[in-house]
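Good morning, and thank you for coming.

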Protein chains: 2
Amino acid sequence: MKAVRTIAELREQIGEMKAASAKATIGLVPTMGYLHQGHASLIRAAKVKTDIVVVSIFVNPIQFGPGEDFETYPRDEARDLAAAEAAGADLVFLPSVDTMYPKPTKTKIAVSEVTSGLCGASRPGHFDGVTTVVGKLFHIVQPDYAFFGMKDAQQVAVIEQMVYDLNFNVTIVPCPIIREEDGLALSSRNVYLSPEERTQALVLSRSLRETKEAVKTGQIRTAGEAKELLTQIIGESPLAVIDYVEIANFPELSPLAAETAILEQEESVLMALAVKFGKTRLIDNCLIQPKGE
Amino acid sequence: MKAVRTIAELREQIGEMKAASAKATIGLVPTMGYLHQGHASLIRAAKVKTDIVVVSIFVNPIQFGPGEDFETYPRDEARDLAAAEAAGADLVFLPSVDTMYPKPTKTKIAVSEVTSGLCGASRPGHFDGVTTVVGKLFHIVQPDYAFFGMKDAQQVAVIEQMVYDLNFNVTIVPCPIIREEDGLALSSRNVYLSPEERTQALVLSRSLRETKEAVKTGQIRTAGEAKELLTQIIGESPLAVIDYVEIANFPELSPLAAETAILEQEESVLMALAVKFGKTRLIDNCLIQPKGE
């Protein structure tokens, strides 16, 4: 595995690998670092599907809003390099902010509609920052496949929309959420949690699991009932402060009206949550397939 | 030369040509068709610099505003194919609106600042349409070089900014304005002009030529004086209705303050005009190099 920091070096390395085998495919795993087993699963998926696995590690300032955690976002380069190598990365790209933004960018890639609800509503401008940096990374790496975790389901939907609309020559591969044994979805931000918050945060996965089960067994039927049950279960944790609880079709992400029967939808239905524990904002979600899975 | 209408066909054709010679470079000449000698000069420039010359012909609806001439924009496919072949094109890409926009796009590429003045001020949203479609064409064709005429100087500046900010792996090649013998800059829109308008439209190139000469000989010195002289000369044509007359640095396109001495700038200075003759809006411009050419 090689670690490179400049765009020129990265292009040169990829060029050499492609020269050795013109048909070699490239897989990109874009990350913000502080790698956990969720990221490792993306890298392993890339290793299975593609010949050259590139992992990018970049905490992208333009996707953080004022007062968000850009400055304090956890970073550990040495550990990340070891984790990327162990999972099978061939190249790790660790650009500085100056490398990615030598001047403040005047150009943005912006997706509408899919970005208007959920995290897009709570974090204005966030997804413009995400699509802009992912577009840049796609141009730098020119991957055949790019791997994203479904924990950020809206991010997957937004990136898919961007790829479709702008004819990027890349296939997006969404990968399943990886969880701790007790159900907590892996996130680099979990390190922010106090032991008490960590325990109470289990309510996220539990609320999703129990609500999905209630839908599948016919105990509840509509989006409104699901939202109510999720809200009620999350409310059992006194430290939980709900940012949003939303039921939407996927990947369009239009919120379902309260009276809509979840299992009668043609498309998958996403139940998505963002909840704060102290200063830490966590997200989790699950998909319900049409007519049950 | 081959003409293709779908993205899949185009990618297949380019793939075959690249397979025959992996090091072949690709040149893209994006056009809206109704090709004239200005376009032909771009195609010839591409032929000199690159191995595979792709000409796209697409009247892009999303760069036209309400009340603009999308519907009536001149089209002549048979003549265009002959002109592209004569100039040396290898592939002509003629997508339908449905091919480029199978659904209304939710994604836009938007450049700020460089788009705020000149045509950007007169045609709100125009450049978002341009950068979005050029981004799409770059993704579809994956050119090494792309060729644009300097008649749309702001378009060149905007595309260069997009390429820089988003790390597109393409080099933009700006090509000189091509003019009729009497000075009129070639434009597909010139066919709209009545004989009388056609004659009076010569005032555009004449005003630029005379003002540049006045700057170079020291007769006038400042941006304010240049603007005044341009406005005065254009005013000699009774049919001319000025949209804008602007003096700006290039490629940033910040307008120069009236008292700024043109020849004392570090960068090139652009004198740019948009003027209406009847329903036809024409643009023209010239660059003045620092300390004279």
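A residue is called buried here under 20% relative accessible area, exposed over 50%, and partly exposed in between, with a 1.4 Å probe and protein chains only. Helices (H or I, at least four residues) and strands (E, at least two) are DSSP runs, numbered from the N terminus.

Please note that this is a predicted model, in which local features need pLDDT of at least 70 and side-chain atom pairs count only at pLDDT 80 or more, while totals for chains, interfaces and linings use all residues. Residues are numbered from 1 along each chain as its sequence is written, chains are lettered from A and ligands numbered from 1 in the order in which they are written, and side-chain values use heavy atoms, with hydrogens and water left out.

Let me begin with strand E8 of chain A, residues 240-250. Eight of its eleven residues are buried, so the strand is largely enclosed by the rest of the structure. E8(A) pairs with strand E9 (residues 268-277) of chain A in the antiparallel sense, over ten bridges; pairing requires that DSSP find at least two bridges between the strands. Within this pairing, A:Tyr244 has A:Ala274 of E9(A) as its bridge partner.

The loop between helix H10 (223-235) and E8 of chain A holds A:Ser237. Is A:Ser237 buried or exposed? With a relative accessible area of 10%, A:Ser237 is buried. Leaving aside residues up to four places away in sequence, A:Ser237 touches A:Gln200 and A:Val203, where contact means heavy atoms within 4.5 Å.

I turn now to the two chains.

Chain A gives 29 residues to the contact and chain B gives 28 residues. Two salt bridges are counted between chain A and chain B, each a side-chain nitrogen of Lys or Arg within 4 Å of a carboxyl oxygen of Asp or Glu. One salt bridge joins the side chains of B:Lys106 and A:Glu113 (3.9 Å, N to O).
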